[in-house]
Every structure is written in C-alpha cells, then in structure tokens.
Amino acid sequence: MYLSLPRRGNTMACGSTSLWAGETSWFCCGNAWGPCSSAGGGACGNCQSSAHHGAWPNASQACWNITRPDLCGENIPRRGCGAVMNVKHQCSGATVCITITDCGPRTKDWCGEATCCNGTCRTNRVLDLTPAAFSAIGNLSSGKLPVYIYE
C-alpha cells in the first residue's frame, strides 16, 4: 500500500474561494537563490526565495501602514503570517499555492499600474511572490502578472 504524505512546508490545502484580483510582482528574501542574493527573512522571519512564499499588503496593522492599498482603492482583507493562498495566472490559468511570509508590496507606489492579457487588465500590485512561486506560474522576466487570488 502506498501512502502519499504532505510535502514539507505544504501542510495546508489551497482554497478555491475568491479573495482578490490584481497584479503580482516578485521579490527576494532569505538565502541566496536563483536571481536573488541573500536578503532578510521578511516580516514573518521565515521567507525563502526558493519556496512558494508571498508578501501580502495587509499582513498586520504595521504592514498596512506601510503599503496603504486603500490609497489605490483596494480595501484588502487582513491575512497574516502563515495564511495560504492559491494564485492563478489570469492569462495561462497556471496556479501556485503560497504561504504568506512577508509584508508587501507597497501598493500605494503602484496605484493605477495595469497588467493585461486577452483584453482584460488587473490594476494595482496587491501581491509579491518569491522567484520560486512567480516562476511556477509565469516568466520572471515579465516582472508582473495579472492574477486571481483564492483562499
């Protein structure tokens, strides 16, 4: 009999309930990996560029005070360290399951920015993915992707 065990660090299932839609970009955290040099472990202390991790602009009140997505008209709900999200590339349909391990992006700096495909655009950066997570659904050289986010 074969038993399938959960992969390390992937103990929670990704959901299918719509949470948000917008742009995602990528960032570096943790040990040097891929296109990243060494960086801090993020607001949660455990962010790793080589893992499927992400940064959410409302991970805490302190985070919200920095990112201020409300200034772009985004009233993003709070989801703290350890929250699990399913991120779907709007164009290709590729998905990746991520864990929130940091605060970001600084949405207020990107108000009105748009990324489009097939005539539909997503505005405002509402999520940052590690290079491992971003490259699971798109090409790092694109820099940004329009995405749907589920929990």
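The exercises below concern one predicted model and are each followed by a worked solution.

In this predicted model, local features need pLDDT of at least 70 and side-chain atom pairs count only at pLDDT 80 or more, while totals for chains, interfaces and linings use all residues. Residues are numbered from 1 along each chain as its sequence is written, and side-chain values use heavy atoms, with hydrogens and water left out.

**Exercise 1. Strand 3 and its partners**

Determine which strands pair with strand 3, and in which sense.

Solution. Begin with the terms: strands are DSSP runs of E with at least two residues, helices are runs of H or I with at least four, and both are numbered from the N terminus; two strands pair if DSSP finds at least two bridges between them. Strand 3 covers 84-89 and strand 4 covers 95-103, and the two run antiparallel, joined by five bridges, with lysine 88 standing opposite threonine 95. They form a hairpin with five residues between them, and glycine 93 in that turn has a positive phi of about 85°. Strand 3 also pairs with strand 8 in the antiparallel sense, over four bridges, where asparagine 86 stands opposite tyrosine 150. Finally, five of the six residues of strand 3 are buried, so the strand is largely enclosed by the rest of the structure; buried means under 20% relative accessible area, exposed over 50%, and partly exposed in between, with a 1.4 Å probe and protein chains only.

**Exercise 2. The largest nonpolar core**

Solution. A nonpolar core is a set of buried Ala, Val, Leu, Ile, Met, Phe, Trp, Tyr and Cys residues joined through side-chain atoms within 4.5 Å. The largest has 19 residues, and those with the most contacts inside it are Trp56, Val87, Ile98, Leu127, Leu129 and Ile149. Taking isoleucine 149 and leaving aside neighbours within four places in sequence, its contacts (heavy atoms within 4.5 Å) include Trp20, Trp56, Met85 and Leu127.
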